[in-house]
Amino acid sequence: MVFYGFHGMSEAEQELGQRFDVDLVVQLDLKRAGESDMLEDTVSYTHLYRTVKRSWRGRAANCLRTSPRP
């Protein structure tokens, strides 16, 4: 996923912003989804994307380790 944000220590980072490439690793048991073939038994990729997007577009932070919070 790629997002634009204003996170960072320098004035340029905070004023101009920059592109952030975000990788998300999700671990869950998909046995039920595999057996039922029902969407409600699996993960919503749309929900995951929107959650990550909201956290990166939210309040800017100086330190990247503290910025992405869902």
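In this predicted model, the buried residues of helix 3 are Thr 51, Val 52, Ser 55 and Trp 56. Viewed along the axis of helix 3, these buried residues fall within an arc of 125 degrees, so they line one face of the helix. The chain as a whole contains 3 helices and 2 strands, and buried residues account for 21% of its 70 residues.

**Overall plan**

- Along the sequence, the elements follow the pattern β-α-β-α-α.
- Helix 1 covers residues 11-16, and strand 2 covers residues 18-21.
- Helix 2 spans residues 31-36, and helix 3 spans residues 45-57.

**Helix 3 and its two sides**

- Helix 3 consists of 13 residues and extends 18 Å from its first C-alpha to its last, which is close to the 18 Å expected at 1.5 Å a residue.
- An α-helix has 3.6 residues a turn, so residues three or four places apart point the same way.
- Which exposed residues does helix 3 carry on the face turned away from its buried side? They are His 47, Arg 50, Arg 54 and Arg 57.
- Thr 51, a residue of helix 3, counts as buried because its relative accessibility is 16%, and the cut-off for buried is under 20%.
- The side chain of Thr 51 reaches the backbone oxygen of His 47 at a distance of 2.8 Å.

- Met 1, Leu 24, Val 26, Leu 28, Leu 30 and Tyr 49 together make a nonpolar surface patch of about 470 Å².
- Tyr 49 is the member of this patch that is placed in helix 3. Its relative accessibility of 35% makes Tyr 49 partly exposed.
- Leu 28, another member of the patch, lies in the loop between strand 2 and helix 2. Leu 28 is also partly exposed, at 42% relative accessibility.
- How far apart in space are Leu 28 and Val 43? Their C-alpha atoms are 8.6 Å apart, while the two residues are 15 residues apart in sequence.

**Charged pairs**

- Side chains of opposite charge can pair when their charged atoms come close.
- How many salt bridges does the count give? The count comes to 2 salt bridges.
- One of them joins Asp 21 and Arg 19, whose closest N and O atoms are 3.1 Å apart. Asp 21 is exposed, with a relative accessible area of 54%, and Arg 19 is exposed as well, at 56% relative accessibility.
- A salt bridge is also formed between the side chains of Arg 32 and Asp 41, with 3.5 Å from N to O. Arg 32 has a relative accessible area of 59% and is therefore exposed, since exposed means over 50%.

**Individual positions**

- Asp 37 is found in the loop between helix 2 and helix 3. Is Asp 37 buried or exposed? Asp 37 counts as exposed, because its relative accessibility is 70%.
- The backbone angle phi of Asp 37 is near 60 degrees, which is a positive value in a residue other than glycine.
- Glu 13 lies in helix 1 and counts as partly exposed at 26% relative accessibility.
- Glu 13 and Asn 62 are 49 residues apart along the chain, yet 9.1 Å separates their C-alpha atoms.

Methods. Residues are numbered from 1 along each chain as its sequence is written. This is a predicted model: local features need pLDDT of at least 70, side-chain atom pairs count only at pLDDT 80 or more; totals for chains, interfaces and linings use all residues. Side-chain values use heavy atoms; hydrogens and water are left out. Patches are made of residues with over 30% relative accessible area and no salt bridge: like charges are joined within 9 Å, nonpolar side chains (Val, Leu, Ile, Met, Phe, Trp, Tyr) within 5 Å. Accessible areas come from the Shrake-Rupley method with a 1.4 Å probe; for residues, only the protein chains shown count as cover. A salt bridge is a side-chain nitrogen of Lys or Arg within 4 Å of a carboxyl oxygen of Asp or Glu. Helices (H or I, at least four residues) and strands (E, at least two) are DSSP runs, numbered from the N terminus. Buried means under 20% relative accessible area, exposed over 50%, partly exposed in between (1.4 Å probe, protein chains only). A polar contact is a pair of N or O atoms within 3.5 Å; within protein, one must be able to donate a hydrogen and the other to accept it, and residues adjacent in sequence count only if both atoms are side-chain atoms. The expected span of a helix is 1.5 Å times one less than its number of residues. The arc is that of the directions from the helix axis to the C-beta atoms.
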